Amino acid sequence: ALTVPAVQAAIRVISEAAATLDVTVKRRHGAQEVDAPDHPAARLLTGEANPWTSGYELIRDLVAQALTHDSGGLAWVNRIGGKPMEVIRYDPGAITVEYASTGTGEPTYRLFGKRIAARDVIHVRGPFSRCPLSLARDAIGMAKELERHGGNLFKNGARPGGIIETPKTVGHEGVIKMLNAWRSAHEGSSAAGRTALLWDGATFKAQTLNSTDSQYLENRRFQIDEIARAFRVPPSMIYELGRVTWSN
């Protein structure tokens, strides 16, 4: 799915925007919340989450993981003496989560099979217990098929395109020779526009594009709109600028 540019752009625009937001840590005092810039978590989220990951990268990757995996974005908080010293985001599958069957949705977390406390886990989840990538699988698959269709159309397309008809029986070897000669002369983008030369009364019948091929660009634009809708971003933010107005 990430090989579809619209999907990649949607995930990047959301995750990178979330990572650039100001992070504020609050401390509760009764019913009130006050800023706590001296809290150890503030240093981890605004500075370095661990020796190899910045706070920006941590938030960006957690959000991206939540957008692409049903389990959500998961990270483990390493505490020493009760204080958070580092936050480590693991690859999908390292931290697993199971939910209580009682209907409360209480999660149970395990790191490499060992149970860990929920207070030591950062869990970013999407609605519906599924990620947008899974919910939009059919729309993304359609966009990928349109890309593949366009690639095959231009890769294997012959110009001029159509059917060669001959009143004579040319036999199996004759068909192979005629086909090889035609492909050598006319197939591929570099041979487009060449004059076709036929022999022995053969005629060429041009083929027209069907409705799907003739509306190829419209179909591709619609799928981009569908992907933008699935991730809830304006199409212009993933660079579909067909309806953007520049005069206001």
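This is a predicted model: local features need pLDDT of at least 70, side-chain atom pairs count only at pLDDT 80 or more; totals for chains, interfaces and linings use all residues.
Biologist: What makes β8 and β9 paired strands?

Modeller: Pairing takes at least two bridges between two strands. Strand β8 (residues 107–111) and β9 share 3 bridges in the antiparallel sense, so they count as paired. One link joins Leu 111 to its bridge partner in β9, Lys 114.

Biologist: Okay, and why are β7 and β9 said to stand at the edges?

Modeller: The open sheet has 3 strands in the order β7-β8-β9, with antiparallel pairing. Since β7 (95–99) and β9 (114–116) each have a single partner strand, one side of each is left without a neighbour in the sheet. From one strand to the next, the twist averages 35 degrees.

Biologist: Now the helix: how do you know what span is expected for α6?

Modeller: Take 1.5 Å times one less than the number of residues. Helix α6 (residues 171–186) has 16 residues, which gives an expected 22 Å, and the helix reaches 22 Å from its first C-alpha to its last.

Biologist: Which residues of α6 are called buried, and why?

Modeller: They're Met 178, Trp 182 and His 186. Buried means under 20% relative accessible area, so these three fall below that cut-off.

Biologist: What makes you say the buried residues line one face?

Modeller: Looking down the axis of α6, you'd find them within an arc of 35 degrees, so they line one face of the helix. They pack against β11 (162–165) and β12 (203–206).

Biologist: And what does the face turned away from the buried side carry?

Modeller: That face of α6 has the exposed residues His 172, Glu 173, Lys 177 and Ser 184. Exposed means over 50%, so these residues pass that mark.

Note on methods
Residues are numbered from 1 along each chain as its sequence is written. Side-chain values use heavy atoms; hydrogens and water are left out. Helices (H or I, at least four residues) and strands (E, at least two) are DSSP runs, numbered from the N terminus. Axes are lines fitted to C-alpha atoms, for helices over the stretch in contact, and angles run from 0 to 180 degrees between N-to-C directions. Buried means under 20% relative accessible area, exposed over 50%, partly exposed in between (1.4 Å probe, protein chains only). The arc is that of the directions from the helix axis to the C-beta atoms. Contact means heavy atoms within 4.5 Å.
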